[in-house]
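The following exercises are to be worked with the sequence and the coordinates at hand. Each task is followed by a solution in steps.

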Amino acid sequence: MKESQPSAIYLKDYKVPPFLIDKTELTFELDEATTVVTSKLHMRRNPDSKENTAPLVLDGGEEVKLVAVAMDDYVLPSGEYQLVDNQLIITATADRFVLTCETLIEPQNNTRLEGLYRSSSMFCTQCEAEGFRHITYYLDRPDVMSVFTTRIIADAEKYPVMLSNGNEIARETLDDGKTSVVWHDPFPKPAYLFALVAGNLEVKNDTFVTQSQREVKLQIFTEAHNIDKVDYAMEALKRSMRWDEEVYGREYDLDIFMIVAVDDFNMGAMENKGLNIFNSSCLLASPETTTDDTYLRVEAIVAHEYFHNWSGNRVTCRDWFQLSLKEGFTVFRDQSFSADMHSDTVKRVEDVSFLKTAQFAEDAGPMAHPVRPASFIEISNFYTLTVYEKGAEIVRMIHTLLGAEKFRKGSDLYFERHDGQAVTCDDFVAAMQEASGVDLTQFKRWYSQAGTPQIRVVDEYDEQGQTYRLTLQQETPATPGQPTKLPLHIPVRVGLIDQSGNALSASFNGDSSDEHLLELTEAEQVFEFTQVATKPVPSLLRGFSAPVKLSYDYSSADLLLLLSADQDGFNRWNAGQQLAVNELNTLIEQAIAGEALSLTSNLVEGFKALLQNDNLDPAMVALILNLPSQAYLSELAQVIHPNAIKQARQYLKKQIAESLQTEFAQAYQQHQVTGPYQAEAKDIASRSLKNLALSYWLESGAETAKQSVVDQFESADNMTDQFAALSIAVHNGHDKADNLLDAFYQQWQNEPLVVNKWLMLSASREQEKAVDSMKTLMKHDAFDLKNPNKVRSLLGGFGQNISAFHHVDGSGYQFLADQILVLDKRNPQIASRLCTPLTRWKKMAPELRVKMKAELERIMADDLSKDVYEVISKSLA
Ligand SMILES: [Zn+2]
C-alpha cells in the first residue's frame, strides 16, 4: 500500500497569482559535481489578487538543495520559512521585495531530463511544463511572466559556448580563470521558456533579413561530428520566418535566433525564447542518413518551434489547462506551412490518417479528455494527440467557418490585443469571433467536450422536383467523467458528383455551386439542395473538414467512382481507404470464425486502375495503395483480435500483389529517381510509390523482386531507399533479411540516429521468441536506457510487433510492464508514455484482456511517479 495517492488539480480552481516577479536575475556556476544557482527575484504583490495577505509559496523539486534565502539582504533564519512538499513557504513578506535564493543541484544525476541536466558533454535545460522548479525555487506557472537576465560562469576550455535566452550583453574572464557570460531577454516570459546551454559546440551561421529590413543572426549549434547535417534545418528556418511574415504578418523580434541539438531529450523540440533546443533526431538531416519522412519532419518541427515565437511566447497560456491555445494553433500553423511547401493533399492525408489512427483511439480510451482538460494529476501526461492534433483541427474548423481573410483578421486582433499576456482558449475564440462577426458561442463546446463525434448521413433524391436532401445526425459518445454531450457546431464540406464522375452543380441557400459548406449545429438537421439535375453521389466531409467519424451507406460502386473521379483529392484517398477497410473487415470476420479467407469486392480492379493512371500524383497513389494499418483497424474494431487483423492484412496484400505483379514490377521501374538526392515533393512522391511497389512485388513471390531488394539495399545513395529495402526484406520474410540487418548495423554503427532506426526495425520483426530477442537487444551496445530516443525506438518498435506484444502467453505485456517499472524510477515522462499500448486493454479479445489487466495491476502495486500513477489508475478505473 502506498502512503498517499497523488491528487488532481482543477481548472475551476484557477486563481491569479498572489505575487508577481518583474525581474529575474539568475547566476549559474556550472560544475560537473554540483552547480550553484543564485536567483534574485524582484517581487511584488499582485494588485489583481484578492489574497493580499497570502504567504509566498515557491515551487521546488526534491533534488533542489536550499543553501540560503534572503529577503532584501536579510538572510532568513530557518524559523522564518518552511520547506514542505517541495515548496518554500514564507509567511511574512513586504508588498515589494527582492528575494535571493541560493540552491545546489546535480545536473549529472538528473535522469528525469527536466530542469538542468547533462547530455553527453554538454549542459542543457528542459523547463516546459514544470522543469524550472528542478533548478531553483520559483513561481513556476505560465501566468507569472518576468524579464530574465542570466549569468553563466564556467570553465571556457570545456564549455566555450554558453547560451541563454535573448542577447549576449557581457563577457569577461574572472580571477579564477573561469568565464562569465551574461544574457538578457527583454521580453517578459514564464519560467517554462527559460533555457541554458553550455558545451563544446560547433556553430553554423546565417542571416535573415526581416520584412522591416532588420538583419537577424541565425545560429545552429551541434557537437562537432554533426555540424555537417544542419543545412536543411537552416534553410527550413528561413522558409518558416518568411512564411510567417507573409501569411500571418509576424516578424521575428530579437537580433539573434539560436537552435541547439541535444541527443538526450524527452520531447521533440522546445521553443525557448530565442534559444530553441531540439532533440537531434528532429534537427539533423543528410541524404545518406535521413529518410524522406524525417526530412519533412525536421522542416515541420523547425517551423513549429519558430512559429511559437508568436503563438506561445509573445502570447502565452494562462495555465496549463490552456496548453492547446499555443499547441493547437501552432500545429495548425506548421501543417499549413508544410502544405504550402509541398503538396496540400498529401499533407492533409498524412495528418488525418495519423489523427484517425492515434487521436481517435486516445479519445475512445481511458485517458480521453477535452482539448482543454478540466483536471490533471501530472501535466506532462497532457502533451497529447488530443491537445495537439485535435486542437489543430479545432483551429482549422474556425479557419473553414470564417474563411482565410476573416481568420487572418482574427489572428491579427488576437496577437495585438494579447501581446505580452498569458491568456486562455476563450480569449483566442473571442478575438476570432469579434474580428469576423461569426458567432462561435456553440463552437466553443469543442474545447470542453471529449470524444470523437459520430455523424450519420442519409439522403433522398426527388427526381421530379430535382431536389436532394441530406439528413445529418450527430452524437458524441460518453467519455470518462462526461456521460452526456451537447450537439457541436460542425462544418461539413460537401460536393455532389454525377454517375459519370463529373461535378454536379446544385443550389443551396441561394448559392449555386458544386461545393457547399454545411453547418451542422443540431442533433439532427436536414439540408436541402435544389436544381439537382440527376441523382448524385455525395462527396462528404471534403478535406476532412471536421474531426469526426462520418458514416454513409456507400456501395462499392459509389466508392470506386469517388476513388477515380472525386474533385477533392482527400476524398479520393478516403474512398480508397473505405474500400480497403470494408474488404479487410470481412476478412477479419472470416479469420475470427476460422474460415478460409477470400476476397468479396472489386478492390483489386480499383487499385489496378490507379496504377495505370499516369495523371495522378505518385504520392497519392502510394497513399491509397498503402493498406489501412493494424493500428487503424484496431481503432475501428469493437473488440480487437490482433492476430486476425494481421492475418487479414497479410492475405489482402498477397492477393493484390499476386493479381498485379506485372503492374507493380512496372511501377517499380517507372518511378526510379535519377540525379542526386533531393528532399522535394516530386522526388519524395516517386520514391514513395517505387518503394511501395517493391514491397508488393516482393510479396508476389517474384524471384526478380528478391534480387531487386538486395540490389537497392546495396546500391542506394540515400537512406530512404536503403532503409525501405531493408524494411521490406525484414517484414516480408526475405531469406537475406538477417544478412542485410547485420550489414546495415556494420555500416551505420557510428551514426546514432541510424542505429535507432535499426533498433526499431529489429524490435518490430516477427520471429520466434521475440521477447528473448528483445532482452538481447537491450544489452546490445546500440542500446542505452538513459537515452529517450533509443527507448522509444526499441520499445516503440516492440509495440508494433503484433505477434510478440500480443502473444497469448502474456509474455509481451509482462516484458513491457517490467520496462515501465524500471524506467519510472529514472524518467517518469518516458515511462508514462510507454504505458499507452497497455491502456487499450478493455477493447482486447477476452483472453488478452485479462493478461493486460493483470500487468496493469502489477504496475499499480508499485511505488509510482505521478506520471505513471495517473495513466495506470485511470486505465484501471
Ligand atoms: Zn509546440
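Rings of Phe, Tyr and Trp (its six-membered ring) pair if their centres lie within 6.5 Å; planes under 30 degrees apart count as stacked, over 60 as edge-to-face and the rest as tilted. The model is predicted, so local features need pLDDT of at least 70 and side-chain atom pairs count only at pLDDT 80 or more, while totals for chains, interfaces and linings use all residues. Residues are numbered from 1 along each chain as its sequence is written, and side-chain values use heavy atoms, with hydrogens and water left out.

**Exercise 1. Aromatic pairs**

Determine how many aromatic pairs the whole structure holds, and classify the pair Phe544 and Phe570.

Step 1. The search of the whole structure returns 44 aromatic pairs.

Step 2. Phe544 belongs to the loop between strand 32 (537–540) and strand 33 (549–551), and Phe570 to helix 10 (residues 569–592), so the pair ties together parts 26 residues apart in sequence. Helices (H or I, at least four residues) and strands (E, at least two) are DSSP runs, numbered from the N terminus.

Step 3. Phe544 and Phe570 are both buried, where buried means under 20% relative accessible area, exposed over 50% and partly exposed in between (1.4 Å probe, protein chains only).

**Exercise 2. An aromatic cluster and a charge**

Name members of the aromatic cluster that contains Tyr248, and state which residue lies over the face of Tyr248.

Step 1. One aromatic cluster includes Trp243, Tyr248, Tyr252, Phe257 and Trp310.

Step 2. Arg333 lies over the face of Tyr248, 4.5 Å from the ring centre; the criterion is NZ of Lys or CZ of Arg within 6 Å of the ring centre and within 35 degrees of the ring normal.

**Exercise 3. The zinc ion**

Which protein donors does the zinc ion have, and why is their arrangement irregular?

Step 1. Donors are N, O and S atoms within 2.8 Å of the metal (3.2 Å for Na, K and Ca); water is not among the atoms, so sites may look incomplete.

Step 2. The four donor atoms subtend angles of 54 to 152 degrees, which makes the arrangement irregular. Four donors are tetrahedral if all angles lie between 85 and 135 degrees; four are square planar and six octahedral if opposite donors are over 155 degrees apart and all others between 65 and 115; anything else is irregular.

Step 3. Along the chain the donors follow the spacing H-x3-H-x18-E.

Step 4. Both His308 and Glu327 are buried.
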